[in-house]
Amino acid sequence: NSFFQLFSICCLLLTVNAVSAQNNFWEPLNGPNGVVDVQDMASNSSGQLFLAMKDLIYCSLDNGDTWNLCNTGLPTDLNFEKFVQSPSTGFFICPKEYTGVYRFEPGSSSWDLIAFDFGSFEADVFDIDPQGRLWVGLDVYNHIYYSTDTGQTFQQVLLDSNYLDWYDRIA
């Protein structure tokens, strides 16, 4: 019986210690104030952080110590869905129900629209691979495009089983 009591006390002490260690693991950020619903976030090794809310983008250039609203160049009526960080050319964000993505380059102070030139289809998925190619999957079956020049031009992928597997993984 005393063994069980000693065992219970040890387990309790280990649990308290583990919870305390987890609390020390996370460091709270200094804002942004009033943020309730974060849709997505992105960061880079230079300390830039971006938070996407329903229709607002906040950014920090100092690892989250200070925050600013970063909506310059973005329409006010869009719902933002996904951030992607390029290995070399900055950040991209894809709004829901829109036919393009927006790019924020290092040293820039505004977002630039990359309008898709392949019709009025909405982007269902997009990603950037380690080589920096921008991939876009549209809301129509078998329509996948990629760009090797940060979205200036796109080429359609002729799907075979290899590309279909890729699309299924990111969708």
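The questions and answers below look at aromatic rings in this predicted model.

Q: How many aromatic pairs does a search of the whole structure find?
A: A pair of aromatic rings is described by the distance of the centres and the angle of the planes. When the whole structure is searched, the number of aromatic pairs found is 7.

Q: Is the pair of F83 and W111 stacked, tilted or edge-to-face?
A: The ring centres of F83 and W111 are 6.1 Å apart, and their planes stand at 35°. Planes under 30 degrees apart would count as stacked and planes over 60 as edge-to-face, so the pair of F83 and W111 is tilted.

Q: How many residues apart in sequence are the parts that the pair of F83 and W111 ties together?
A: F83 belongs to strand β5, which covers residues 80–85, whereas W111 sits in the loop between β7 (100–104) and β8 (112–115). The pair therefore ties together parts whose separation in sequence is 28 residues.

Q: Is W111 buried or exposed?
A: The relative accessibility of W111 is 3%, and a residue counts as buried when this value is under 20%. W111 is therefore classed as buried.

Q: Which strands hold W135 and Y146?
A: W135 and Y146 form a tilted aromatic pair, with 5.2 Å from centre to centre and 35° between the planes. This pair ties together parts that are 11 residues apart in sequence, because W135 lies in strand β10 and Y146 in strand β11.

Q: Is Y146 buried or partly exposed?
A: The cut-off for a buried residue is under 20% relative accessible area, and Y146 has a relative accessibility of 22%. Y146 therefore counts as partly exposed.

Notes. Residues are numbered from 1 along each chain as its sequence is written. This is a predicted model: local features need pLDDT of at least 70, side-chain atom pairs count only at pLDDT 80 or more; totals for chains, interfaces and linings use all residues. Side-chain values use heavy atoms; hydrogens and water are left out. Rings of Phe, Tyr and Trp (its six-membered ring) pair if their centres lie within 6.5 Å; planes under 30 degrees apart count as stacked, over 60 as edge-to-face and the rest as tilted. Helices (H or I, at least four residues) and strands (E, at least two) are DSSP runs, numbered from the N terminus. Buried means under 20% relative accessible area, exposed over 50%, partly exposed in between (1.4 Å probe, protein chains only).
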